[in-house]
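Trainee: Let's go through this model in short questions. Can we start now?

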Amino acid sequence: MNHSNDSYRHERHRQDLALRMIRHEARTCTIRECTGLTDDRIRRLYRSYAHELSEGPVRRRRGKSPRQTTFFIRNTRAQFESSLLASAFAAFGLLQGEAKKSPRLQISAVEYGRLFCDAYETHQQLLDSPTLSFEHAWFLLQLLNRNGELQPARCRHCDSYYLRNRFNVWRHTCPTCRLKRMRARCRKSRRLRQCSNSRAVSHG
Ligand SMILES: [Zn+2]
């Protein structure tokens, strides 16, 4: 009796996770990796539930998965967004360095997938207009745990956590500091414009 209850619960968890990932437009191979469901079962879930789960139509991602490391640090805004997502991964204990410290991360693929969704959804809520897709987020987590080109670091000026290219020593300023500088420059030029406009009005 207990055994059948357990396997029923496990089935429910697998299906719930698959549906949650479908809502985020995850690829079939990513859903399979986390849930262990067959491609056929995933296709059927897409067909029977997708339209009920979202206000808009759920698209099924096809084609190649994202592959470019540079995508995540291609400009200040992208680097800021990727860095924020990496912080969420760290907070949810999804980075391998964290996993070694935390025994709770000796977990099943389903549990790992659920934590990943928690981290991704938290990140989505923190930004006004997030642009990173679920699949890019998934790829970023693999990259970080592979210990490749992208490396987390702490800014010496503001102490924030950010991602940088391990091999590009010339671009080691943090995106938070750069965004602050850009905003300050904008404010300054707006003030100057207002100033010269009011001078023009008083002289006119
Ligand atoms: Zn900084």
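Trainee: Are cysteine 155 and cysteine 177 buried or exposed?
Mentor: This is a predicted model: local features need pLDDT of at least 70, side-chain atom pairs count only at pLDDT 80 or more, and totals for chains, interfaces and linings use all residues. Residues are numbered from 1 along each chain as its sequence is written, and side-chain values use heavy atoms, with hydrogens and water left out. The scale is relative accessible area: buried under 20%, exposed over 50%, partly exposed in between (1.4 Å probe, protein chains only). Cysteine 155 and cysteine 177 are both buried.

Trainee: Which residues coordinate the zinc ion?
Mentor: Look for N, O and S atoms within 2.8 Å of the metal (3.2 Å for Na, K and Ca); water is not among the atoms, so sites may look incomplete. Here each donor is an SG atom, at 2.3 Å. The residues are Cys155, Cys158, Cys174 and Cys177.

Trainee: Why does the pair of cysteine 155 and cysteine 177 tie together parts that are apart in sequence?
Mentor: Cysteine 155 lies in the loop between β1 (150-154) and β2 (161-165). Helices (H or I, at least four residues) and strands (E, at least two) are DSSP runs, numbered from the N terminus. Cysteine 177 belongs to helix α8 (residues 175-203), so the parts that this pair ties together are separated in sequence by 22 residues.

Trainee: What spacing do the donors of the zinc ion follow along the chain?
Mentor: Read the four cysteines in order: Cys155, Cys158, Cys174, Cys177. Along the chain they give C-x2-C-x15-C-x2-C.

Trainee: What is the site of the zinc ion, going by the angles among its four donor atoms?
Mentor: Four donors count as tetrahedral if all angles lie between 85 and 135 degrees. At this site the angles run from 108 to 113°. The zinc site is therefore tetrahedral.

Trainee: How many aromatic pairs does a search of the whole structure find?
Mentor: Rings of Phe, Tyr and Trp (its six-membered ring) pair if their centres lie within 6.5 Å; planes under 30 degrees apart count as stacked, over 60 as edge-to-face and the rest as tilted. Searching the whole structure gives eight.

Trainee: What is the pair of phenylalanine 72 and phenylalanine 139, with planes at 40°?
Mentor: The ring centres are 5.9 Å apart, and the 40° between the planes makes this pair tilted. It links distant parts: phenylalanine 72 in the loop between α3 (39-53) and α4 (76-91), phenylalanine 139 in helix α7 (residues 134-146), 67 residues apart. Phenylalanine 72 and phenylalanine 139 are both buried. The name for this pair is tilted.

Trainee: And what is the pair of phenylalanine 116 and tryptophan 138?
Mentor: Their centres are 5.0 Å apart and the planes stand at 85°, so this pair is edge-to-face. Phenylalanine 116 is in helix α6 (residues 109-126) and tryptophan 138 in helix α7, 22 residues apart. Relative accessibility is 1% for phenylalanine 116 and 8% for tryptophan 138, and each counts as buried. The pair is edge-to-face.

Trainee: Which residues form one aromatic cluster?
Mentor: Phe116 and Trp138 are both in it.

Trainee: How many salt bridges does the count come to?
Mentor: The rule asks for a side-chain nitrogen of Lys or Arg within 4 Å of a carboxyl oxygen of Asp or Glu. Arginine 41 and glutamate 11 qualify, their closest N and O atoms being 3.3 Å apart. Arginine 41 lies in helix α3 and glutamate 11 in helix α1 (residues 2-23), so the pair ties together parts 30 residues apart in sequence. The count is ten.

Trainee: Which residues are linked with Glu11 in a network of salt bridges?
Mentor: Arginine 41 is partly exposed at 23%, and glutamate 11 is partly exposed at 28%. The residues linked with Glu11 are Arg14 and Arg41.

Trainee: How many residues apart are glutamate 121 and arginine 20?
Mentor: Their side chains meet in a salt bridge at 3.0 Å, N to O. Glutamate 121 is in helix α6, arginine 20 in helix α1. Glutamate 121 is partly exposed at 23%, whereas arginine 20 is buried at 18%. The separation is 101 residues.

Trainee: In which helix do aspartate 40 and arginine 44 lie?
Mentor: They form a salt bridge, with the closest N and O atoms 3.4 Å apart. The two are four residues apart, about one turn. Aspartate 40 is partly exposed at 39%, as is arginine 44 at 44%. Their helix is α3.

Trainee: Which residues are buried in helix α2?
Mentor: Helix α2 spans residues 28-35. Its buried residues are Thr28, Thr30, Ile31, Cys34 and Thr35.

Trainee: What arc around the axis do they cover?
Mentor: The arc is taken from the directions from the helix axis to the C-beta atoms. These residues are on the same side of α2, because their arc is only 160°.

Methods. Tetrahedral: all angles 85-135°; square planar, octahedral: opposite > 155°, others 65-115°.
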